[in-house]
Amino acid sequence: MSQTQACKTTVGVLALQGAFAEHQTALQKIPSARKVTACLVRTPDDLEKCDALIIPGGESTTIALLAKLAGLLEPLRQFSKTKPIWGTCAGAILLAQVVENTKKGGQDLLGGMSVTVARNGWGSQVESFEAPLIVDGLQNSERPFTGVFIRAPVILALHPSPDAPPMHVVARLSVGTVPKSSTASLQLDPNDPRTIVAVRQGKHLMTTFHPELTKDGRFHEYFVQNCVLPSLSL
């Protein structure tokens, strides 16, 4: 193995269900790709090799069930205590502290972020939508990022605490940018927590939409630069 390869950071993508291949492809194309090795995670041994992890969109209860069957659920919880995780859509649900509107029987969670979310908060599959997002800290932040919302969860509340890392709102939905056919077109106050679609807490990042379903790699670059690489020096 060359010295360059040895110095690379390993970012895993949980590959049990959902859009994991799209995340792996996106990581391989960002400017920081020379610093990052993207790998798929299906077992506890795979997870042990990772410096950070992405949990993709998909179906949160299915991902949790498959993680439990693979013996990954508790290792993921332990991983979340020390290493960066980015949860997108279903991954955001798993990363939350509290989830409402769960299926009968409840929902297994990792609980890495002090957030309450609701499953399918913006409506059903037919109410999926795209919206331009102005994202704090993103490269070329004056250029909107296209948020793809598919049966997306909604953030109901943030729970900042002096005992937990500070919380930073990264992006919000702008009222009026959502199709009127969607539940999301409800007239919300701009400061309503339901407009929050991306939030960072310490090493962790949560997005309620699907950055991996666009050709825009700026959110993957953001995760590497703001969550992954800084954590290696702690």
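About how much space lies in the second largest pocket? The second largest pocket holds about 150 Å³ of space. A pocket is an open set of points on a 1 Å grid over the protein atoms alone, where a 1.4 Å probe fits and protein lies on both sides within 12 Å along at least five of seven lines; lining residues have an atom within 4 Å of a point. The volume is the space filled by probe spheres set on the points, which are joined across faces, edges and corners. Of the 13 lining residues of this pocket, Ser80, Gly112, Pro165, Gln201 and His204 are the closest to its centre.

The model is predicted, with local features needing pLDDT of at least 70 and side-chain atom pairs counting only at pLDDT 80 or more, while totals for chains, interfaces and linings use all residues. Residues are numbered from 1 along each chain as its sequence is written, and side-chain values use heavy atoms, with hydrogens and water left out.

Helix α5 (73-82) and strand β6 (113-118) each supply at least two residues of the lining of the second largest pocket; α5 gives the most, with 3 residues. Helices (H or I, at least four residues) and strands (E, at least two) are DSSP runs, numbered from the N terminus. By class, this lining has 3 nonpolar, 8 polar and 2 charged residues. Asp, Glu, Lys and Arg count as charged, Ala, Val, Leu, Ile, Met, Phe, Trp, Tyr, Cys and Pro as nonpolar, and the others, Gly among them, as polar.

The largest pocket holds about 180 Å³ of space. Its lining includes Glu22, Lys29, Pro211 and His220. Helix α2 (residues 20-29) gives the most to this lining, with 4 residues. The lining of the largest pocket has 3 nonpolar, 4 polar and 5 charged residues.

The UniProt annotation "binding site", from an unreviewed entry, covers Gly58, Glu59, Ser60, Arg119, Ile150 and Arg151. These residues are spread over 94 residues of sequence but cluster in space, with a largest C-alpha distance of 12.9 Å. UniProt positions follow the numbering used here, feature names are shortened, and annotations may be inferred rather than shown by experiment.

Ile150 lies in the loop between β8 (145-149) and β9 (154-158), and Arg151 is also placed in the loop between β8 and β9. Ile150 counts as partly exposed because its relative accessibility is 27%; Arg151, at 35%, is likewise partly exposed. Buried means under 20% relative accessible area, exposed over 50%, and partly exposed in between (1.4 Å probe, protein chains only). Beyond its neighbours within four places in sequence, Ile150 is in contact (heavy atoms within 4.5 Å) with Cys89, Gln125, Ser128, His210 and Leu213.
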